[in-house]
Amino acid sequence: MEIIAKRPYGTQDVVPGSAYKWHTVERCAAETAECFGFKEIRFPTFENTALFKRSVGDTTDVVQKEMYSVTAKNPANGKDPDDLTLRPEGTAGAARAAIENGLLNEALPQKVYYIISCFRHEAKQANRFREFHQFGAEMYGSADASADAEVIALAKSLLDRLGLEDTELFINSIGCPQCRAEYQKALKNYFEDRKSELCPTCLERLERNPMRILDCKSPICQGIAKDAPVILDYLCEDCSSHFEKLKNYLTDMGIDFTINPKIVRGLDYYTKTVFEFTTDAIQNGTVCGGGRYDGLIEQLGGNPLPALGFAMGLERIIKFMEAAGSEFVPAKKCDLYIASMGEAAQKKAAVLANALRSEGYSAQFDTMNRGLKPQMKYANKIGATFTLVLGDNELETGAAKLKNMDSGEQTDISLGDKFIDEFSGSIVAEMFSGEMFE
Ligand code: ATP
Ligand code: MG
């Protein structure tokens with residue numbers, strides 16, 4: 001196929017036949033977030049590159065290797081170039097928008113969620129895309145471990161509602177800048193001794209940010225990291241009691257978890273709590289990642305404010321739901337297809353269909369000027385619940401036969417003032433016959 005008719009590598013189309021799966025997840029995510037008091041926030045697909053460098057972190061894979069950046073003329077002054085980057089994640093943009101719009105001066109905690117596309121240059125791997133989608137939630141203002149539990153509970157609640165109870169929750173604490181400094185020293189000493197075995201990227205990490213080595217995907221580096229010092233042994237009293245409190249909250253809320261001191265997460269802004277939900281049901285099965293980032297708001301120029309959040313990869317969630325046999329909410333069916341013969345009937349069909357739509361029904365009629373047979377075939381194909389045939393005879397008598405496509409049963413329906421009422425009656429009867437709930 002010619003290149004212009006091919007989508008770029010690492011992107012996906014959602015065709016009308018599978019959009020209902022996305023709608024199921026997106027609506028469920030929004031509803032669950034709103035149950036927890038989170039409100040939607042929207043922000044640009046691209047931001048100034050500096051925002052991501054500052055927040056995600058210069059030493060992370062995301063900033064070093066995965067961002068799509070461009071330099072573009074700034075129309076505001078027509079000369080200074082803008083360094084812009086397609087968002088690789090949502091936390092930075094949401095935080096920037098929260099600061100810029102004064103949301104953090106309003107009643108706290110401020111709780112926002114978003115459903116967005118993200119862009120990363122990635123290696124070719126299963127369930128890893130160059131454009132992917134995230135559902136994210138962020139909470140600003142609370143330093144208390146109950147907030148960490150609340151954010152984890154939101155992610156868990158959504159997974160459960162989507163039929164994905166079979167996930168494992170891993171938690172860890174990566175401490176605050178104070179206790180982490182001690183840990184980084186110990187970690188550096190440990191890796192210094194085995195320097196010659198590390199991959200070139202980790203050699204660089206050793207100098208700039210040795211904790212990143214724990215996140216390396218190379219099996220050799222992972223092997224070396226196995227016996228490395230563990231952050232939990234270095235936590236200061238504040239970080240340690242925060243972690244204890246979180247564990248108690250999760251236990252009391254009935255949320256199972258496993259402590260995994262190797263989780264450091266791929267973004268630099270985290271402090272204290274970090275967590276991941278994973279599954280073995282799909283490859284690269286980390287479906288959700290998040291944590292606390294108490295320093296980020298100040299780092300971005302806001303007043304110091306503790307914050308935390310998570311993001312879920314929606315392509316992986318849908319794949320996981322398919323593997324788990326979860327139910328998706330089917331797309332709305334066509335309630336009535338009006339077949340017509342002749343121009344006058346077609347016009348009447350358009351008027352009746354529009355009247356039904358203004359009452360919230362889904363109605364369609366023929367716009368292809370086809371014969372009756374292909375029209376009925378089309379009605380069947382789109383799964384219309386009822387059909388109606390309009391011809392000269394029906395126009396003359398002002399009445400027609402309403403056909404139930406499942407049972408084949410036909411009932412009389414008036415085409416005059418009573419049309420909507422009579423159609424509503426038939427739809428309700430159909431619902432109570434139970435067939436629409438199958
Ligand atoms: P990984 O270790 O798998 O690279 P990450 O730490 O880079 O994940 P985050 O930045 O925490 O991922 O993003 C949150 C979630 O977004 C991930 O848990 C995953 O479900 C999803 N995600 C991240 N990158 C991709 C991608 N390239 N394609 C599809 N989903 C992704
Ligand atoms: Mg990654």
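Predicted model: local features only at pLDDT ≥ 70, side-chain atom pairs only at ≥ 80, totals over all residues.
Me: How many residues surround ligand 1, and which are the closest?

Reply: A residue joins the shell if one of its heavy atoms lies within 4 Å of the ligand. Here 16 residues surround ligand 1, and the closest are Arg-120, Glu-122, Arg-128, Arg-265 and Thr-286. By type, the shell holds six charged residues, five polar and five nonpolar.

Me: How far is a polar side-chain atom of Glu-122 from a nitrogen atom of ligand 1?

Reply: For a polar contact, look for a pair of N or O atoms within 3.5 Å. Glu-122 places a polar side-chain atom 2.8 Å from a ligand nitrogen. Arg-128 has a side-chain N or O atom 2.8 Å from an oxygen of ligand 1, and Arg-316 brings a polar side-chain atom to 3.4 Å from a ligand oxygen. As for cover, ligand 1 taken alone exposes 600 Å², of which the protein buries 91%.

Me: Let me turn to salt bridges. How many does a search of the whole structure find?

Reply: The idea is a side-chain nitrogen of Lys or Arg within 4 Å of a carboxyl oxygen of Asp or Glu. The search finds 20 of them. One of them links Lys-247 with Glu-244, whose closest N and O atoms are 2.9 Å apart. Both residues sit in helix α9 (residues 237–252), three residues apart, or about one turn of the helix.

Me: Is Lys-247 buried or exposed?

Reply: Compare its relative accessible area with the cut-off: under 20% is buried, over 50% is exposed, and partly exposed is in between. Lys-247 has 16%, so it is buried. Glu-244 is partly exposed because its value is 40%.

Me: What about Asp-335 and Lys-332: how far apart are N and O in their salt bridge?

Reply: Their side chains meet at 3.5 Å, N to O. Asp-335 counts as buried because its relative accessibility is 5%, while Lys-332, at 59%, counts as exposed. Salt bridges can also share partners, and in this way Glu-47, Arg-96 and Glu-100 are joined into one network. Another pair is Lys-195 with Glu-192, at 3.7 Å from N to O. Lys-195, at 34%, is partly exposed, and Glu-192 is partly exposed at 30%.

Me: And Glu-394: which side chain of opposite charge is nearest, and how far away is it?

Reply: Glu-394 lies in helix α14 (residues 392–397). Its nearest side chain of opposite charge is Lys-401, 8.8 Å away. Glu-394 is buried yet has no salt bridge. Its side chain does reach the backbone nitrogen of Gly-391, at 2.9 Å.

Conventions: Residues numbered from 1 in each chain as written. Chains lettered and ligands numbered in written order. Heavy atoms only, no water. Polar contact = N/O pair within 3.5 Å; in protein donor to acceptor, adjacent residues only side chain to side chain. Areas by Shrake-Rupley, 256 points an atom, 1.4 Å probe, with all protein chains shown as cover. Nonpolar A, V, L, I, M, F, W, Y, C, P; charged D, E, K, R; others polar. Helix = DSSP H or I, 4+ residues; strand = E, 2+ residues; numbered from the N terminus. Buried < 20%, exposed > 50% of the residue type's maximum accessible area, 1.4 Å probe, protein only. Lys, Arg positive; Asp, Glu negative; His and termini not counted.
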